[in-house]
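Student: I have a structure open and want to go through it. Can you take me through the helices and the rings?
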Amino acid sequence: MISLFGLMGAFFVLLAGASYFFYRRNSPVQYGISLSSMLISIFLFHLAAC
């Protein structure tokens, strides 16, 4: 089973790549990516604390 910290690290790399891709295209999707990543990160930290 993948550890939670490994999952968070992979998620961070994936989101950083997607954010950079949409930033270079000057797309408004980049704001939705940052908002969704913030919400998912809060959820993952909540799971790690329990």
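Tutor: A definition to begin with: helices here are DSSP runs of H or I with at least four residues, numbered from the N terminus. The model is a predicted one.

Student: Where is the place of A18, then?
Tutor: A18 sits in helix α1, which covers residues 4-24.

Student: Is A18 exposed, partly exposed or buried, and what is its relative accessibility?
Tutor: A18 has 25% relative accessibility, so it counts as partly exposed.

Student: Which residues of α2 are buried?
Tutor: Q30, I33, S37 and L44 are buried in α2. They lie on the same side of α2, because they cover an arc of only 45° around the axis.

Student: What do the buried residues of α2 pack against?
Tutor: They pack against α1.

Student: Which exposed residues are on the face turned away from that buried side of α2?
Tutor: That face carries Y31, L39, I42 and A49.

Student: How many residues does α2 have, and how far does it reach?
Tutor: Helix α2 runs over residues 29-49 and has 21 residues. From first C-alpha to last it reaches 30 Å, close to the 30 Å expected.

Student: Changing topic: how many aromatic pairs does the structure hold?
Tutor: It holds one. The rings are those of F21 and F22, with centres 5.2 Å apart and planes at 75°, so the pair is edge-to-face.

Notes: Residues numbered from 1 in each chain as written. Predicted model: local features only at pLDDT ≥ 70, side-chain atom pairs only at ≥ 80, totals over all residues. Heavy atoms only, no water. Phe/Tyr/Trp six-rings, centres within 6.5 Å; stacked < 30°, edge-to-face > 60°. Helix = DSSP H or I, 4+ residues; strand = E, 2+ residues; numbered from the N terminus. Buried < 20%, exposed > 50% of the residue type's maximum accessible area, 1.4 Å probe, protein only. Expected span 1.5 Å × (residues − 1). Arc of directions from axis to C-beta. Contact = heavy atoms within 4.5 Å.
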